[in-house]
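Biologist: Could we go through this model together? I would like to start with single residues and then move on to the whole chain.
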Amino acid sequence: MNIAQPIKICVVGGGFGGLYTALYFSPFRGVKNRQCQITLIEPNDHFLFTPLLYELLTGELQRWEIAPSYSKLLQGTGIGLRQQTVKTIDLKARCVSLTNHETLSYDYLVLAVGTQNRWADIPGLKDYALTFRSLADLERLQTQLHILENSERQHLKVAVIGGGPNGVELSCKIADRLGNRGQVHLIERGDILLKNFSKAIGKASYKALKARRIAIHHNCEVERITADSLTITEQQTQDLPIDLVIWTAGTQSREWLSELDCQQTDQGKLLIDPTLQLLDYPEVLALGDLAQMVSTRQNIPATAQAAFQQASCAAKNLKAMILGNRPKSFFYLHLGDMLTLGRRSAIISSFGINIDGRIADISRRFIYILRLPTQRHKTQVLKHWAKNTLIKLGRWLRWQKQQLFSEKPAKPY
């Protein structure tokens, strides 16, 4: 590539789609010899490995393990970082306007900003319900749980609205954290939890919820939320006394995406070719749950697993376009599903093989560690995880020895 000006690539969004696309693309020789200039636009200062966010709630993981800073992750990669929020994008002029009044021009653009919470029209929902999608959400929830745990109340009541994976995983973690002192209500509008998951996932999830005495409300509508109560209609309308409400029941596209001059669905998703390119703007790639593919029979879920795979394809297609080659179509391979079902418990379902319990929890943790963004961070987390695992194994072995030789064995931990 003999060019005077560097090729400018903007990646909007620092999640699984955006960050991983930038990292996969960074070893390209055009970046190393500065013929390509890649900029990541992301308002937050830390990446978040969202599938492991639940483990922070129960203290099974530390924040640095799943939320490393972008400055650390991008060190030595040649990727520039703009810690700003996008205001508008002019696809025809090929420029991105930021809320700090800065404008960045681009030759190629990757859109991977994900979705945001969708609030239902329920009185009191926005005023009293918490969400659980970000580090800020985690901190607010931690604060509220800490206040409840340190209060004089003997019975703590928590309602989780939404019976998808987020609601089920969160319910199990909170129930384990609060123990016998807590009562969790899981509220689902439909007649089944995890309706898009396998039977094995559903069976293990219901078993875990039952073991933790979590009250499951099927075919249930939330009518109203106040500071200390929840009005629901199941078979009849009733008021539940509640100390804390968490909303996990929906997402929607970000407002500025609807203003883009490109083809979209009625739900505001950007229409893309199988190559992940916008229909009207081939220099723009769109990834994750903000986009919908046309002319394909693939069922691509709005999950981190799908965005993770799309990022690899997007990076390869960027290289192909820069080199004048034809980009390739994306094909999603569903590797299975993994859910955490409380402290030291999980379910893994992959290619007809199902594992649950402690072994699944260890396997899930290990698999996710291998998917962390950089080799350096993976190594640090793996070492820390292996050290803790060996310590716990040693405690367990000592406990087993006491079981054999002592009349009054101590607890394992």
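Modeller: Let us begin with Pro 165, which lies in helix α8. Please keep in mind that the model is predicted.

Biologist: Is Pro 165 buried, partly exposed or exposed?
Modeller: Pro 165 is partly exposed, because its relative accessible area is 30% and that class runs between 20% and 50%.

Biologist: And which residues does Pro 165 touch, sequence neighbours aside?
Modeller: Leaving out residues up to four places away in sequence, Pro 165 touches Tyr 54, Leu 194, Phe 197 and Leu 339.

Biologist: What separates the C-alpha atoms of Pro 165 and Met 338?
Modeller: Their C-alpha atoms are separated by 9.5 Å, although the two residues are 173 residues apart along the chain.

Biologist: Which residues of α9 are the buried ones?
Modeller: They are Ile 201, Gly 202, Ala 204, Ser 205, Ala 208 and Leu 209.

Biologist: What span should α9 have, going by its residues?
Modeller: Helix α9 covers residues 199-211, and its 13 residues should span 18 Å at 1.5 Å a residue. The end C-alpha atoms are 18 Å apart, which agrees.

Biologist: What happens just after α9?
Modeller: Arg 213 is found there, with a positive phi of about 60°. Most residues other than glycine have a negative phi.

Biologist: Where else is there a positive phi in a residue that is not a glycine?
Modeller: His 101 is one of them, with a phi of about 75°. It sits in the loop between β5 (95-98) and β6 (103-105). Arg 344 also has a positive value, near 55°, and lies in the loop between β21 and β22.

Biologist: Let us turn to Gly 190. Where is it?
Modeller: Gly 190 is in the loop between β11 and α9. At 24% relative accessibility, Gly 190 counts as partly exposed.

Biologist: What is Gly 190 in contact with?
Modeller: Setting aside neighbours within four places in sequence, Gly 190 is in contact with His 218 and Asn 219. As for Val 284, it is 94 residues from Gly 190 in sequence, and the C-alpha atoms of the pair are 37 Å apart.

Biologist: Change of topic: Tyr 20. Why does it count as buried?
Modeller: Tyr 20 has a relative accessible area of 3%, and buried means under 20%, so the residue falls in that class. Its place is in helix α1 (residues 16-25).

Biologist: What does Tyr 20 touch?
Modeller: Beyond residues up to four places away in sequence, Tyr 20 touches Gly 15, Phe 47, Phe 49, Phe 308, Ala 311, Arg 371, Leu 372 and Pro 373.

Biologist: Then helix α12. How many residues does it have?
Modeller: Helix α12 (residues 375-405) has 31 residues. From first C-alpha to last it reaches 45 Å, close to the 45 Å expected at 1.5 Å a residue.

Biologist: Which residues of α12 are buried, and what do they pack against?
Modeller: The buried residues are His 377, Lys 378, Val 381, Trp 385 and Trp 399. They pack against α4 (63-66), α5 (70-73) and α11 (358-370).

Biologist: Finally, the whole chain. What is its secondary structure?
Modeller: The chain comes to 12 helices and 23 strands. Its radius of gyration is 23 Å, close to the 22 Å that the globule rule gives for 413 residues, so the chain is as compact as a globular protein of that length.

Biologist: What about its extent and burial?
Modeller: The C-alpha trace spans about 80 × 55 × 40 Å along its principal axes. Buried residues make up 49% of the 413 residues.

Biologist: And the surface and charges?
Modeller: The chain exposes about 21100 Å², of which carbon and sulfur atoms supply 49%. There are 51 positive and 36 negative charges, and their mean positions are 11 Å apart.

Note on methods. Residues are numbered from 1 along each chain as its sequence is written. This is a predicted model: local features need pLDDT of at least 70, side-chain atom pairs count only at pLDDT 80 or more; totals for chains, interfaces and linings use all residues. Side-chain values use heavy atoms; hydrogens and water are left out. Helices (H or I, at least four residues) and strands (E, at least two) are DSSP runs, numbered from the N terminus. The radius of gyration is taken over C-alpha atoms; the globule rule is 2.2 Å times the number of residues to the power 0.38. Buried means under 20% relative accessible area, exposed over 50%, partly exposed in between (1.4 Å probe, protein chains only). Accessible areas come from the Shrake-Rupley method with a 1.4 Å probe; for residues, only the protein chains shown count as cover. Lys and Arg count as positive and Asp and Glu as negative; His and the chain ends are not counted. The place of a charge is taken as NZ of Lys, CZ of Arg, CG of Asp or CD of Glu. The expected span of a helix is 1.5 Å times one less than its number of residues. Contact means heavy atoms within 4.5 Å.
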